[in-house]
Structures are given as structure tokens and as C-alpha cells.
There are 4 protein chains.
Amino acid sequence: MPIPAGSEVTRIGPVGGVPESGSSGRRRSERARQAILSAARDLVADASFEKMTIEAVAARAGVGKQTVYRWWPSKAAVVAEAVLEGGEGDLWPLVPASALANSDLHAWAGDLADRLADHRGAAMLRALVSAASEDADIAKRLYDRFTAPFHTAVISQIAATRQGSVASMSDIHAAADMLVGGLVFLVMTRTESITRERADAMIRLVLRGLAPR
Amino acid sequence: MPIPAGSEVTRIGPVGGVPESGSSGRRRSERARQAILSAARDLVADASFEKMTIEAVAARAGVGKQTVYRWWPSKAAVVAEAVLEGGEGDLWPLVPASALANSDLHAWAGDLADRLADHRGAAMLRALVSAASEDADIAKRLYDRFTAPFHTAVISQIAATRQGSVASMSDIHAAADMLVGGLVFLVMTRTESITRERADAMIRLVLRGLAPR
Amino acid sequence: MPIPAGSEVTRIGPVGGVPESGSSGRRRSERARQAILSAARDLVADASFEKMTIEAVAARAGVGKQTVYRWWPSKAAVVAEAVLEGGEGDLWPLVPASALANSDLHAWAGDLADRLADHRGAAMLRALVSAASEDADIAKRLYDRFTAPFHTAVISQIAATRQGSVASMSDIHAAADMLVGGLVFLVMTRTESITRERADAMIRLVLRGLAPR
Amino acid sequence: MPIPAGSEVTRIGPVGGVPESGSSGRRRSERARQAILSAARDLVADASFEKMTIEAVAARAGVGKQTVYRWWPSKAAVVAEAVLEGGEGDLWPLVPASALANSDLHAWAGDLADRLADHRGAAMLRALVSAASEDADIAKRLYDRFTAPFHTAVISQIAATRQGSVASMSDIHAAADMLVGGLVFLVMTRTESITRERADAMIRLVLRGLAPR
DNA sequence: CGGTAAGCGAGACGGTACGTCGTGTCTTTCG
DNA sequence: CGAAAGACACGACGTACCGTCTCGCTTACCG
């Protein structure tokens with residue numbers, strides 16, 4: 001998997017795409033869209049992917065079921081968009097593409113750990129992973145959203161500090177996969193405490209592994 | 001989370017347990033039990049946790065639905081037992097508790113990567129993780145089955161080579177979580193190639209991170 | 001129920017009526033109106049009242065759904081107008097108001113039988129009766145369209161031949177109800193063969209019953 | 001249509017047939033069956049065939065929807081059985097097969113008129129006719145239930161009184177169709193008053209028509 | 001002739017019911 | 001008394017239509 005250098009991970013549209021309207025007919029209701037995503041987030045947060053139902057999402061959003069099915073092909077797609085896109089502010093911290101110092105990585109990982117320590121955040125991520133296990137496209141979106149930015153950041157850091165000779169590409173891959181995977185695995189297995197300390201330990205270990213001898 | 005040194009990870013019985021020998025009446029049919037677990041494995045392997053149904057398991061096992069519900073409380077429990085216990089041979093390699101050399105860890109990780117590269121193995125692990133996201137007990141079983149042995153192995157290795165001073169306990173935790181989590185995350189996100197090389201890179205990185213300076 | 005002697009049964013306008021001339025704006029499209037009625041007739045003819053949908057009517061007529069709802073309040077109303085008014089030629093024969101001879105009645109009944117022997121005609125009448133069972137107004141329209149003309153005809157015949165003393169009003173009612181009802185019942189119960197012979201037998205029986213001793 | 005002389009019109013089983021049980025498994029619940037038919041009767045009586053829903057029937061019967069669909073193929077079939085079979089006492093009077101006197105026919109017709117004068121009875125018959133318009137089998141059941149007994153009665157009467165020479169078979173058919181059809185048509189078109197007088201007039205007319213000169 | 005007031009096609013909307021499927025429980029008969 | 005068979009109450013599925021509501025157009029009249 002090549003590293004999509006300056007890739008735009010941010011805005012991933014609904015699967016059905018923007019209304020695309022040629023012209024006639026009533027337009028898609030943005031109000032309904034937001035209500036659905038928000039309802040999905042809420043329901044997934046206090047139950048689980050399996051227990052969430054489209055019916056309940058529609059009801060809570062004050063929307064007909066068909067309005068959900070018109071724009072998303074499956075429960076997994078709704079959850080993916082709801083959890084990945086978030087609502088107003090960003091749900092998940094993004095590694096700054098120009099991260100130069102180790103402290104940037106620590107800050108990011110600590111931030112992420114905070115979100116995952118929160119019950120709501122953890123539940124949402126669990127749901128997202130379950131959704132990914134159902135649908136390969138979502139799986140890819142999940143991977144790209146969390147892992148790819150780390151690649152970019154580490155590469156730009158190395159380039160800046162001329163230490164590139166040391167860390168091979170496969171090491172960077174391994175580092176990113178393990179870091180993200182490690183945190184996600186803790187969430188999936190509900191290991192109680194996802195603390196900044198734990199996240200720091202992971203970052204430290206990985207950076208030490210990547211560092212020149 | 002303390003490391004349960006000599007813990008028995010191997011045999012995790014059905015939740016209901018064996019029918020408490022000594023009682024009168026017909027005994028639990030081992031044949032039915034195996035048929036159910038095997039059917040569950042098959043169905044989960046070529047669909048997904050969500051799409052697998054107890055009804056289909058019962059049908060394929062040639063068993064009444066009640067016979068499933070008599071012994072397992074939920075779909076998640078059936079899948080957990082089916083996937084974790086495996087059939088005849090062990091489904092998932094176990095780190096030898098007395099692993100002394102780095103090569104032992106490489107061998108284990110490579111072995112695991114092989115299983116996960118296989119479509120059937122990957123599907124089964126995905127199902128297991130989904131099951132874990134539904135049920136905290138299963139989540140714990142999953143974590144213990146894959147992470148704890150690594151802890152034990154690394155600790156015994158350190159004890160043997162008197163390098164214990166270097167690696168802190170939290171580093172060992174981090175290492176185990178990341179290693180297992182990294183591989184599992186690749187499976188969940190369906191990253192195409194889970195190769196021995198990838199696994200080796202992970203192990204190498206982690207060992208370098210753990211090593212004394 | 002008094003016999004509305006010279007009643008205009010023929011033209012029954014749309015419920016909403018013509019757009020109240022004098023107003024500005026675009027006029028009702030006669031083309032759309034005909035397309036809708038024709039589509040309704042077609043759809044009802046090869047399915048049933050229950051299975052016909054307004055959506056399908058609009059689609060087949062190449063018309064927006066709203067254009068149907070603007071002019072008719074319900075599916076029953078559309079069907080009633082479509083089936084009762086017919087298209088170009090009259091769908092259902094009308095007893096001539098001045099029927100003087102028995103042969104006129106035989107001719108009418110035979111004609112009606114022919115229409116009902118046709119699959120399309122039978123299906124349309126079935127739909128009309130179903131529509132009537134939903135809506136009392138339509139029920140009245142149906143009754144008046146088929147039964148009242150018979151009343152008128154028989155009365156005028158009696159007046160002409162001075163045999164009025166014999167047949168009481170209630171006998172005439174009974175005769176009309178039974179004649180029309182008998183044929184309609186055959187259609188509703190899908191009795192295979194609605195032949196001129198059958199219709200003749202009915203007319204004969206009724207006339208013999210009405211005749212002076 | 002031949003006259004099924006001594007036909008058993010009485011018990012027409014559920015379409016799905018009696019459980020037919022070879023052996024094992026839970027038996028069909030008679031309680032549920034009665035509850036469903038009774039609920040269907042009630043709902044159809046105070047709405048219409050179109051407005052009645054299977055969902056409402058199931059709910060009112062305290063039964064799962066599936067239990068309805070397991071035994072009846074369609075709404076029409078449920079209504080047909082509910083209305084034709086009736087509950088405890090017979091819903092619709094049956095002409096005695098051995099009717100010998102005209103007064104027997106008058107009694108029957110008067111009885112039937114009473115049922116149809118009742119709002120509930122009328123609504124149920126309307127629903128039955130609508131059901132028949134959807135399904136040819138039900139149409140036949142409806143025809144046989146109401147018309148055939150009349151055939152039998154008239155024939156037996158004729159045989160007894162040796163007046164057979166006069167009334168031809170086609171006249172008897174016509175008489176039966178018109179009598180039943182006349183009453184049913186009044187119900188369908190909601191003609192307000194279905195009185196014994198009206199029924200008597202019909203019977204009188206028909207008998208006069210059938211009588212020898 | 002330009003304004004304004006419908007009607008029109010299209011099609012999304014909040015809903016209700018459909019007929020099917022799966023859940024977990026319950027009878028029933030057999031071994 | 002376990003196990004197979006299968007009916008049961010329940011509830012969600014994804015679809016089809018309902019009747020209503022925008023949309024961006026035509027028409028047509030009226031000033």
C-alpha cells in the first residue's frame with residue numbers, strides 16, 4: 001500500500017453521493033441528513049453496532065425509514081459516515097501532516113487516548129470497527145483515516161531531520177499499523193483504562209524502534 | 001492488568017458447563033456440540049458475524065435450535081467458543097511460554113500471519129472481534145488468548161537473559177498490545193497482504209524498542 | 001328511492017370540478033386527464049382494484065403524482081370516473097329511456113352481457129364494485145348508473161301499454177335490483193360464462209314475474 | 001355449472017389445511033386461529049376490506065404476524081374464512097336442502113335480509129365480495145355458499161311437487177343468481193334499507209316467474 | 001409585453017403496512 | 001430427560017405506496 005502523500009482524508013461524502021441533481025424534484029434535506037447521522041451516533045454510543053437498528057435511527061431522527069435507505073445502502077454505511085465524519089467539531093484528532101517533533105506525535109496519541117477513554121468515543125469506535133468487518137470499503141476508509149496520516153507525519157519528520165536513512169519504509173508501515181492497531185485493539189477488547197500513559201508508552205516504544213542506533 | 005503467569009488459557013468450556021455428571025437422564029451429546037461449533041466456524045468463515053444466524057448453524061449442524069440455546073447464551077458465545085477453541089488442531093499458534101530466543105517470537109508471529117493471510121482465518125478472526133465488541137467477557141477472553149502468552153514469553157526470556165533491568169513492565173504491555181493489535185487491525189481493515197515480512201517487521205521494531213540501549 | 005325520471009346520468013365530472021373559469025393561470029390539461037383515466041382503466045383491467053396504485057397510474061400516464069391528487073381525492077374516485085365515464089365510446093350500454101318493447105330490454109341485457117363476458121370489462125366492473133364498497137358516494141353512482149335507467153324504461157313501457165295496474169312499484173324495484181345485481185354478482189364471483197343466453201333467461205324470468213296474470 | 005346435489009357447503013377448512021401433522025413439533029394453536037378470525041371479523045366490520053390490515057388483525061388477536069401468514073396466504077383468504085365460516089353460530093342462514101314450501105324460501109330470504117340490514121353483517125359481506133374480487137378461489141367459495149343451496153332447495157321442491165316440467169334448469173340458475181345477486185348488490189351499493197319487504201318482493205317475483213302458467 | 005398566477009413533471013419527504021426472517025421460548029414426540 | 005421438530009410472540013428487515021411538500025419549468029390571463 002503506497003503512502004498517498006498529500007492525500008485528503010478529511011471529507012468523505014455519503015456513499016450515495018451528493019444529490020447530483022440534474023434539475024427537477026425536491027432537493028435532499030440537509031436537516032434530515034444531520035438528524036440521521038446524529039441519531040446514529042447517539043444510538044451506537046449507548047448500545048452497540050449490532051443492537052442499533054435503522055428503524056430506531058429513523059425514529060429518533062424524526063425521519064421516515066426510506067429517507068435513510070434512499071441515501072445509504074446499509075447500516076454499516078450509516079455508521080461509518082456518522083462516526084468518521086463526526087458532527088460539528090472533529091471527532092478524532094488528526095496527526096498534523098507537518099509534525100516535526102516527537103512531542104507532536106505524543107500530543108496526537110494522547111488526544112486520541114482521551115477520546116477512547118471516554119465511554120462514548122470507545123463505543124463509537126467499536127461500532128466503526130464492526131462496520132468495517134462487514135464492508136471492505138468501510139474498512140479501507142477506517143484504515144486510511146487513522147493510519148495514513150501517521151505515515152505522512154513520520155515521513156515528513158524524517159525528511160526534515162535527515163534521519164531517513166535509518167528507518168525503512170516497511171518499518172514506518174509497521175510502526176503506524178501497530179500504533180493505531182494497538183489502541184484500537186484495546187478498545188475492542190474493552191481493556192479498561194486507555195490512558196495517556198499507555199499511549200505514551202506505545203509512542204515511546206515505536207520511536208525507539210524507529211530511531212537510528 | 002497483571003500477568004496471569006501459569007494461567008490455563010487453553011480449554012474454555014461452554015458457559016453452561018458440562019451437565020454436572022452424576023445427574024440422571026440422557027447426557028449431553030458431544031456429537032451435537034462439535035457439529036454446532038464446526039457449523040458456526042464454516043458459516044462465519046464465508047459470511048460475517050452479522051450475517052451468521054443461529055438458525056443456520058442449527059440447520060447445518062442437523063440440530064434443533066433449542067440444543068444450541070440450551071448450552072450457549074448467545075450467538076457471540078457460540079462464535080467465541082468455535083473460533084477460540086478451534087476444532088481438532090489448534091487454530092491459532094500460541095507463543096511457547098518458555099520462548100527464549102527472538103527467533104521463537106518470529107516463528108510465532110510468522111505462523112500467526114500465515115493463518116491470517118488465509119481467507120478463512122481472517123474471516124474467523126473478524127467474527128471473533130465483532131463478537132467481542134458485543135460482549136465484554138468475550139472481549140476479555142480474546143485479549144487473554146492472544147496477548148497474555150506474549151507477556152509470559154517476553155518476561156521469561158528477560159528473566160533468562162538478565163536483561164530485565166531495561167524493559168519496564170509498561171513497555172512489555174505496550175509491546176504485546178501493539179503487536180497483537182497491529183496484526184488484528186490489519187485483518188479488521190482487510191489490508192490485503194498479511195505476510196510474514198510484515199509480521200517480521202513488527203516483531204523487529206518491537207524488539208528493538210524493548211532492547212537495552 | 002324515487003325514480004329520478006329524466007336524470008342526467010351521463011356526464012359525471014371530476015370531483016374538483018372544472019377549474020372555476022375566470023381565474024388566471026394555466027388551465028387544467030385535458031391531455032393529462034385523459035391519460036390518467038386511460039391508465040387507470042388499463043391497470044385495473046389487468047390487475048385488480050387493490051393492486052392498482054396511484055403511483056403506477058401516474059407513471060403510466062406520464063404525469064406527476066400531484067396531478068392526480070389535485071383532481072381526485074382517492075383511488076376509488078379515479079377508478080369510478082375511469083370506469084363509469086369510459087373513454088371515447090360508452091363503456092356500458094344504457095337502457096333507452098323510452099324502451100317500449102321487451103326486445104329492447106333483451107337487447108340491452110345482451111349487450112351488457114357481452115361487455116361482461118370480456119375479460120377487460122369484467123375486471124373493470126369488479127374494480128368499480130370494490131371502489132363502491134369503499135365509498136358510499138361511488139356506491140350511489142354505481143347503483144344509479146345501472147339500475148335507475150331500468151326503472152325508467154320499465155315505467156315508461158308500462159305507461160305506454162296501460163298495464164301499470166299489475167306491476168307494483170316495489171315489484172319494479174325488485175326486478176331492476178335483481179337483474180342488475182344478478183349480472184354483477186356473476187362478474188364478482190367470476191362465474192365463467194356470462195352469455196347472452198344467461199342474460200336472456202334473467203330478463204325472461206323477470207318479465208314473466210312482472211306480467212299480469 | 002352443474003348443481004352439486006348433496007354438496008357439503010358447511011365446513012371449508014383453512015387454505016393451508018389442517019396441520020396435517022406427521023408427528024413431531026408443536027401443534028397449531030386453535031386459540032390463535034379463533035382469535036385471528038374473530039379479530040378479522042371485528043376489524044372488517046368497522047372499517048372495510050381495504051382498510052383492514054393484517055398487522056392490525058395480528059395485534060388485536062394478540063398474535064405474531066407470522067402466525068397469520070403461516071396459515072393463510074393473503075388478507076383475502078383470512079377474510080374469506082372469517083366471514084364465511086363465522087364464529088360459533090352460523091353467520092349466514094342456509095336454505096334447508098329439503099325446503100318444500102314457498103314459505104321456507106321466504107323465511108330464508110327474510111333471515112338473510114335481517115343479517116344484511118345489520119351494519120356489521122353488511123360490512124362483512126362487502127368485505128367478502130371485495131376479497132372475492134381479488135381471488136378467484138374465494139369467488140367460487142362465495143358463489144357456492146350462497147347460490148348453490150338455493151339451487152338444491154328449488155330442485156327438491158320441484159321434484160316433490162311434480163312441477164318440474166315447467167321450470168327449466170336455466171330458469172332455476174337465473175332465479176338463484178338474481179335472488180342472491182340482487183341482495184348482495186344492494187349491500188354493495190349501500191342501498192339503505194334491506195328490509196324483509198324487499199326480500200319478499202324479490203322472492204315473490206322470482207317464484208311467479210318460475211311458476212307454471 | 002411583461003407580470004403573476006396557476007398547472008405541470010419530477011422527486012424527496014414523514015409515514016404505514018407489507019411479507020420475510022431471525023430471535024429466544026414453548027410444546028410435542030421419540031429415543 | 002436430551003434432542004429433533006416446529007409453532008409461537010416479538011421485532012427488525014428492506015420495499016412499496018401513501019398523500020404532502022418543494023423544486024424549476026411551462027402555459028395562459030390580465031393589466
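**Helix 10 of chain B, end to end and inside.** Helix 10 of chain B has 15 residues and spans 21 Å from first to last C-alpha, close to the 21 Å expected at 1.5 Å a residue. The expected span is 1.5 Å times one less than the number of residues. Helices are DSSP runs of H or I with at least four residues, numbered from the N terminus. This is a predicted model: local features need pLDDT of at least 70, side-chain atom pairs count only at pLDDT 80 or more, and totals for chains, interfaces and linings use all residues. Residues are numbered from 1 along each chain as its sequence is written, while chains are lettered from A and ligands numbered from 1 in the order in which they are written.

**Buried residues of helix 10 of chain B and their cover.** Buried here are B:Arg198, B:Ala199, B:Ala201, B:Met202, B:Ile203, B:Leu205, B:Val206, B:Gly209 and B:Leu210. A buried residue has 20 or more other C-beta atoms within 10 Å of its own, with C-beta atoms placed from the backbone. The cover includes helix 9 (169–188) and helix 10 (196–210) of chain A. Helix 5 (102–117) and helix 9 of chain B also take part.

**The contact between chain B and chain A.** Chain B gives 39 residues and chain A gives 39 residues. Contact means C-beta atoms, placed from the backbone, within 7 Å. On chain B, helix 6 (119–134), helix 7 (136–146), helix 9 (169–188) and helix 10 (196–210) each supply at least two residues. Helix 9 of chain B gives the largest share, 14 residues. This side of chain B divides into 21 nonpolar, nine polar and nine charged residues. Ala, Val, Leu, Ile, Met, Phe, Trp, Tyr, Cys and Pro count as nonpolar, Asp, Glu, Lys and Arg as charged, and the others, Gly among them, as polar.

**Symmetry of chains A and B.** A rotation of 179° with 0.0 Å of shift along its axis superposes chain B on chain A, with RMSD 0.2 Å. The two copies are thus related as by a two-fold rotation axis.

Of the 50 residues around DNA strand E, A:Gly25, A:Arg26, A:Gly64, C:Gly25 and C:Gly64 come nearest. A residue is near the strand if its C-beta atom, placed from the backbone, lies within 6 Å of it.

Key
Least-squares fit on C-alpha atoms with pLDDT ≥ 70 in both. Contact = placed C-beta atoms within 7 Å. Buried ≥ 20, exposed ≤ 12 C-beta atoms within 10 Å, placed from the backbone.
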